[in-house]
Amino acid sequence: DVPFPKQLVDDCNPFLIGTKSYSVAKDGLRPEPYRYFDRKHFVKALESLCKESVPIVGYNLLGFDYVVLHDLVNVEPLFRRTVDLLEFLARQVGSRRGLKLNKVCQELFGEGKLMEDARGLAQMWEEGNREAVLRYNERDCDLTAKLWLRLRMSRSVNIQKHLSKRNRSF
């Protein structure tokens, strides 16, 4: 059993899982359609994901997504196929400080998330503003894929060279 921080699980009520697959081509990434699953379909979606053999690439999957999903579904079969880019970058620079996905992508690509603070997404979903939530979630998938490709294509990743000191200040 993996020990998950109880406080985080208590503070978050997951309502949506979004996935997007990509293939690598000479000219970059080729995305497949974005797929999402609401809470009543979590178990089926993750069971299906467990049967696949491809890597699962994400940003803070181990520190957030899997934590909040742990009480709803068994995420442990996904661990051996998970590539958590936040964990990778944190090992490269020696800290998680300043490594929010939005900040990293702003620094490396000049583009970021659609909203910096995601705390209102559940309320937006409940109020029927689902398209905005889905766009936000899909954008996270796209940014993560773009970051993964950048890291994959770099023979030697010197992330500290690319991230300015001001980005690492919080």
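Buried means under 20% relative accessible area, exposed means over 50%, and partly exposed is in between, with a 1.4 Å probe and protein chains only. I wrote that down before looking up tryptophan 125, which counts as buried because its relative accessibility is 4%.

**Ground rules.** The model is predicted, so I noted that local features need pLDDT of at least 70, side-chain atom pairs count only at pLDDT 80 or more, and totals for chains, interfaces and linings use all residues. Residues are numbered from 1 along each chain as its sequence is written, and side-chain values use heavy atoms, with hydrogens and water left out.

**Overview.** I found 8 helices and 6 strands in the protein. Helices (H or I, at least four residues) and strands (E, at least two) are DSSP runs, numbered from the N terminus. From that end, the order reads α-β-β-β-β-α-β-α-β-α-α-α-α-α. There are 170 residues in the protein, and 36% of them count as buried.

**Aromatic rings.** I looked up the ring pairs next. Rings of Phe, Tyr and Trp (its six-membered ring) pair if their centres lie within 6.5 Å; planes under 30 degrees apart are stacked, over 60 edge-to-face, and the rest tilted. The whole structure gives 4 aromatic pairs. One of them is phenylalanine 15 with tryptophan 125, a tilted pair at 5.8 Å centre to centre and 45° between the planes. Phenylalanine 15 is in the loop between helix H1 (6–11) and S1, while tryptophan 125 is in helix H6 (residues 121–126), so I get partners 110 residues apart. Phenylalanine 15 counts as buried at 19% relative accessibility.

Tyrosine 36 also pairs with tryptophan 125, edge-to-face this time, at 6.0 Å centre to centre and 80° between the planes. Here strand S4 supplies tyrosine 36 and helix H6 supplies tryptophan 125, 89 residues apart. Tyrosine 36 is partly exposed, at 42% relative accessibility. I put Phe15, Tyr34, Tyr36 and Trp125 down as one aromatic cluster.

**Helix H2.** In H2 (residues 42–51), I list Phe42, Ala45, Leu46 and Leu49 as buried. They cover an arc of only 90° around the axis, which puts them on the same side of H2. The arc is that of the directions from the helix axis to the C-beta atoms. What do the buried residues of H2 pack against? I see strand S1 (16–19), strand S4 (35–38), strand S5 (56–58) and helix H3 (61–69). On the other side of H2, Lys44 and Lys51 are exposed.

**Helix H4.** The buried residues of H4 (residues 85–93) are Leu85, Leu86, Leu89, Ala90 and Val93. Down the axis, they fall within an arc of 135°, so I have them lining one face of the helix. At the N-terminal end, aspartate 84 is the cap, with a side-chain oxygen 3.0 Å from the backbone nitrogen of leucine 86. After H4 comes glycine 94, whose phi is positive, near 85°.

Contact means heavy atoms within 4.5 Å. Leaving aside neighbours within four places in sequence, alanine 90 is in contact with Ser95, Arg96 and Leu99.

**Helix H7.** Threonine 144 lies in H7 (residues 130–153). Is threonine 144 buried or exposed? I have it as buried, with a relative accessible area of 8%. Not counting residues up to four places away in sequence, threonine 144 touches Val57, Gly58, Tyr59, Leu85 and Leu101.

Methods. A polar contact is a pair of N or O atoms within 3.5 Å; within protein, one must be able to donate a hydrogen and the other to accept it, and residues adjacent in sequence count only if both atoms are side-chain atoms.
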